[in-house]
Amino acid sequence: MKLFTVGPVEMYERTKQQASRQLPYFRTIEFSHTMFSIQERLKTFVQLANGYVVPITGSGTAAMEAVCACSFRSHHRVLIINGGSFGERFSSICDCYHIPHDDILLPYPQPLQQSDLDAIDGSKYDAILVNLHETSTGQLYNMRMLTAFAQKYHLYIIVDAISAFIADDIQMDHDAIDVLILSSQKALALAPGLSMIAIQERFYQKMIEPKEDICQYLSIKLHVANMKRGQTPFTPAVGILLDLEDRLTQLEHDGFLLEQQVIRERAMYFRNRIKAFQVNIPSFPLSNALTPIYIENRAEGLFHYLKDKGFMLTPSGGALQPHLLRVGHLGNLQLKDYDELIQAMEEYGL
Ligand SMILES: *Cc1c(COP(=O)(O)O)cnc(C)c1O
């Protein structure tokens, strides 16, 4: 089975080979070095000069929840770009923690536009919460537009870049991003279960450090305090952290931007080849991570046909389920894998 999904994705040989090893004990100086090396490399890759990267053992949603729970209270108000199920997730998390929020709702296939922001009085808010790439639809938001809006009204910017990391451009310092959320199972092509929160020092000092914790396992304060010695408050996903260190070393060696280029190349190749088919690709800006294809009432049929042939695409949930399929470009995939996929799509009769 070939995975054209967005997470877990096709893993690299090195990662798969490492899976059989004995895990080490982690309260050691050696493991602390692993943690520091992960932090430094990730800071370089996301272009964060002053701040922290803390690992949360849990899928990406755990990190989204940690950031909301540790940064905002009921006297704040946040603006959520809600263009699909991941935007909706931020919304539900804020509801759980009684964080007042307003959502810019973008029903598929509506793009986020400058006029959406112009219609809003930004002075009512403390922060913007956005999923840079709304993975449920494939829409990539315009970071520059959001940064300009946030700077105009002095808002913090919290970015879930879980599916955008590596695939798309992200520069924390340049784009004035205060918190960036990453996860192991997307472009990093590792097992699910580990997420990372990159935090600007000034945001940490102002919004997280002074607050009394309302949670324990997801406490960013406990994680930052422990990370000062390269440790975590609780037993972390030791194996995924070791795989992550290896993957980051590899990315550093091969060139981080080269990996982005390779993902982009796959996306362009696939998008170009499917022009011959009767499918609709939405006109909003797309992430390099995946290509959404809209085929009215045929998505489920095609999904099952391809799955039986050994090609796993990403199905959609909710109202889009009968119509939208997503073809991933992350992980260990080659252009010839797309040739095979396209041939199977042809055989289905697209
Ligand atoms: C995958 C993903 C997440 C995390 O989802 P989990 O199921 O908790 O791993 C969050 N946000 C976005 C945009 C994602 O693509």
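A: Helix 3 supplies the largest share of the shell around the ligand, namely three residues. The model is predicted, with local features requiring pLDDT of at least 70 and side-chain atom pairs pLDDT 80 or more, while totals for chains, interfaces and linings use all residues. Residues are numbered from 1 along each chain as its sequence is written, and side-chain values use heavy atoms, with hydrogens and water left out.

Helix 3 (60–71) and helix 4 (85–96) each contribute at least two residues to this shell; helices here are DSSP runs of H or I with at least four residues, numbered from the N terminus. There are 13 residues around the ligand, and those that come nearest are Ser59, Thr61, Thr135, Asp160 and Lys186. A residue counts as near a molecule if one of its heavy atoms lies within 4 Å of it.

An N or O atom in the side chain of Thr135 is 2.5 Å from an oxygen atom of the ligand. For the side chain of Gln185 the corresponding distance is 2.7 Å, and for that of Arg89 it is 3.4 Å. Taken alone, the ligand exposes 390 Å², of which the protein buries 88%; these accessible areas come from the Shrake-Rupley method with a 1.4 Å probe.

Technical notes
A polar contact is a pair of N or O atoms within 3.5 Å; within protein, one must be able to donate a hydrogen and the other to accept it, and residues adjacent in sequence count only if both atoms are side-chain atoms.
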